[in-house]
Amino acid sequence: MSQYEIYAIKYAHHARRAAENFIGGDPHDGPMPLDYFVWLVRGHGRELVVDTGFSAAMAAKRGREHLRCPTEGLRLLGVEARDVPDVVITHLHYDHVGNFDLFPAATLHLQDLEMRYATGRYMCHECFRGAFEVEDVVGMVRRVYEGRVQFHDGDAEIAPGISLHLIGGHTMGLQVVRVETRRGAVVLASDASHFYANMEQTRPFPIVWSVADMVEGYRKLRSLAASPAHVIPGHDPLVLERYPAPAKELQGIAVMLD
Ligand SMILES: [Zn+2]
């Protein structure tokens, strides 16, 4: 059976309050910051990056703290972004798709529904388009015309032991990545659950296309993973506390999830 290594690489940070992370706020409101990650999956001669993060310029525009270019984090793990053959784009929000021009060799894996969402009628409303950047979306259209996007319609195995699963909820076409590892199937939830608390307490995140699909998604995440502890939320600083760094000099930057 194919088993892979998985790394979470932190590239940015944002201080905010807990009330901003749940629909209906939080009665015990206090600091609840977000970390921003990209993920690396490798093994059996394969190298796959999940999401591409945002640039320092975008961090300045959106008031986020940029720590390093995601490609620098990859380099610390021995991976050159320009050579990476496959990138999964979980969804087209600015913090997941901003640097894809730094991955010129990559085929980008995207759900049909996500492109439809990002280019269709719902983007007429600020509440749905707020986390999208039009230049990112247009950039993705250009990649389509270059023949560099592989679309998926629902669940798909893209390599032995690596599969994509449509969840929706947060955006119409949000997908998650299931990876076989030596500790069993790990699921990179991306924004299907920003924090452990969203899925564990069934308290949805307020940036949402369909609350129903988001809540159903928490159940799907658990059913895809070897255990609830095998689901990796997309923005939770606890990920860096719960998992070990692959080397001393990578402490606070990257952790091993396998
Ligand atoms: Zn996000």
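User: Where does Asp51 lie, and is Asp51 buried or exposed?

Analyst: Asp51 sits in the loop between β3 (46-50) and α1 (56-62), where helices (H or I, at least four residues) and strands (E, at least two) are DSSP runs, numbered from the N terminus. Buried means under 20% relative accessible area, exposed over 50%, and partly exposed in between (1.4 Å probe, protein chains only); with a relative accessible area of 0%, Asp51 is buried. This is a predicted model, in which local features need pLDDT of at least 70 and side-chain atom pairs count only at pLDDT 80 or more, while totals for chains, interfaces and linings use all residues. Residues are numbered from 1 along each chain as its sequence is written, and side-chain values use heavy atoms, with hydrogens and water left out.

User: What does Val50 touch, and how buried is Val50?

Analyst: Contact means heavy atoms within 4.5 Å. Val50, in strand β3, is buried, with a relative accessible area of 1%, and, not counting residues up to four places away in sequence, Val50 touches Val38, Trp39, Val41, Val88, Thr90, Val177 and Leu188. Sequence separation and spatial distance can be read side by side for Val50 and Met256, which are 206 residues apart in sequence and 14 Å apart in space, C-alpha to C-alpha.

User: And what is the case of Gly78 and Glu135?

Analyst: Gly78 and Glu135 are 57 residues apart in sequence and 29 Å apart in space, C-alpha to C-alpha. Gly78 lies in the loop between α2 (70-76) and β5 (86-88), and its 60% relative accessibility makes Gly78 count as exposed.

User: Which residues of helix α4 are buried, and why do they line one face?

Analyst: An α-helix has 3.6 residues a turn, so residues three or four places apart point the same way. In helix α4 (residues 112-119) the buried residues are Glu114, Met115, Tyr117 and Ala118. Viewed down the axis of α4, these buried residues fall within an arc of 160 degrees, so they line one face of the helix; the arc is that of the directions from the helix axis to the C-beta atoms. Their cover includes β6 (107-111), α5 (126-129), α6 (134-145) and β7 (149-152).

User: How do α4 and α6 cross, and which residues meet there?

Analyst: Axes are lines fitted to C-alpha atoms, for helices over the stretch in contact, and angles run from 0 to 180 degrees between N-to-C directions. The axes of α4 and α6 come within 10 Å and cross at roughly 130 degrees. Angles under 35 degrees count as roughly parallel, over 145 as roughly antiparallel, 65 to 115 as roughly perpendicular and the rest as oblique, and α4 and α6 are therefore oblique to each other. From α4, Met115, Ala118 and Thr119 meet Val137, Met140, Val141 and Val144 of α6. Thr119 is partly exposed, with a relative accessible area of 47%, and touches Val137 and Val141, not counting residues up to four places away in sequence.
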